[in-house]
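I am keeping notes on one structure. I look things up in turn and write down what I find.

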Amino acid sequence: MAEAPNGNDDAKRTGLEGTRLPLQGSSPGNIRSASSDQQLKQMLDSLKSSKSPAVINYGASWCRVCSQILPSFCKFSNEFKNLTFIYADIDECPETTQSIRYTPTFHFYRDGERVDEMLGTGEERLHDRLWLHS
């Protein structure tokens, strides 16, 4: 990663790295991160042509509630391997996420169509919803 002008090499972190949360132990191995509108649009197009179930976590690096649920989201990505997990920061994808009014928001997809939405947090709620859609 290139060093930022102020000498701080982590100033331009985006996506999951931009949250600056310690995610060790809950490795984000099965999570794709969208750090621009173009990336998120490509991922959404891919979901529409895919038959596999998916979940998108719309969050923000400044959101305390998002920070609380993100480690669980990462952990669950390793548990529910048949689901595609995507993290999108609303500040990095402002055009694509302008309809998101609450963070975190989770959108669930099946056969290319959005079939469910969950607002807010709750590890058990999220686990149950992931189980339902996996």
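How exposed is Glu95? Glu95 is partly exposed, at a relative accessible area of 45%.

Before going on, I note the ground rules. This is a predicted model, in which local features need pLDDT of at least 70, side-chain atom pairs count only at pLDDT 80 or more, and totals for chains, interfaces and linings use all residues. Residues are numbered from 1 along each chain as its sequence is written, and side-chain values use heavy atoms, with hydrogens and water left out.

**Entry 1: the chain as a whole**

I looked up the helices and strands, which are DSSP runs numbered from the N terminus (helices: H or I, at least four residues; strands: E, at least two). The chain has four helices and five strands. Along the sequence I read the pattern α-β-α-β-α-β-β-β-α. The chain has 134 residues, and 44% of them are buried. I then looked up the accessible area, which comes from the Shrake-Rupley method with a 1.4 Å probe, and for residues only the protein chains shown count as cover. The chain exposes about 7300 Å², with 47% of it supplied by carbon and sulfur atoms. For contacts I use heavy atoms within 4.5 Å. Of the contacts between residues at least 6 apart in sequence, 67% join residues at least 24 apart.

**Entry 2: salt bridges**

Side chains of opposite charge can pair when their charged atoms come close. I count a salt bridge when a side-chain nitrogen of Lys or Arg is within 4 Å of a carboxyl oxygen of Asp or Glu. The count by this rule is three.

Which residue does Glu95 meet in a salt bridge? Its partner is Lys41, at 2.6 Å from N to O. Glu95 lies in the loop between strand E3 (84–89) and strand E4 (105–110), while Lys41 is in helix H2 (residues 37–49), so the pair ties together parts that are 54 residues apart in sequence. Lys41 is partly exposed, with a relative accessible area of 36%.

Next I looked at Lys75, which forms a salt bridge with Glu123; their closest N and O atoms are 2.6 Å apart. Lys75 is in helix H3 (residues 64–79) and Glu123 in helix H4 (residues 123–133), so this pair ties together parts 48 residues apart in sequence. Lys75 is partly exposed at 37%, and Glu123 is partly exposed at 37%.

Asp116 and Arg129 also form a salt bridge, with their closest N and O atoms 3.3 Å apart. Asp116 lies in strand E5 (residues 113–119) and Arg129 in H4, so the parts tied together are 13 residues apart in sequence. Arg129 is partly exposed, at 23% relative accessibility.

**Entry 3: His133**

Is His133 buried or exposed? His133 is buried, at 9% relative accessibility. This residue lies in H4. A polar contact of 2.8 Å joins the side chains of His133 and Asp116. By polar contact I mean a pair of N or O atoms within 3.5 Å; within protein, one must be able to donate a hydrogen and the other to accept it, and residues adjacent in sequence count only if both atoms are side-chain atoms. Setting aside neighbours within four places in sequence, His133 has contacts that include Pro53, Leu83 and Phe108.

**Entry 4: strand E4**

Five of the six residues of E4 are buried, so E4 is largely enclosed by the rest of the structure. I take two strands as paired if DSSP finds at least two bridges between them. E4 pairs with strand E2 (residues 54–59) in the antiparallel sense over five bridges. Val55 stands opposite Phe108 in E4. E4 and E5 are antiparallel too, over six bridges, and Thr105 stands opposite Leu119 in E5. E4 and E5 form a hairpin with two residues between them, and Asp111 in the turn has a positive phi of about 50°.

**Entry 5: nonpolar cores**

In soluble globular proteins, nonpolar side chains tend to be buried together. I use nonpolar core for a set of buried Ala, Val, Leu, Ile, Met, Phe, Trp, Tyr and Cys residues joined through side-chain atoms within 4.5 Å. The largest has 18 residues, and those with the most contacts inside it include Leu40, Leu44 and Tyr109. H2, E2, H3 and E3 are the elements that give two or more residues to this core. H2 gives the most, with four residues. A second, separate core of 16 residues includes Phe76, Phe85, Tyr87 and Leu130.

How values were computed: Buried < 20%, exposed > 50% of the residue type's maximum accessible area, 1.4 Å probe, protein only.
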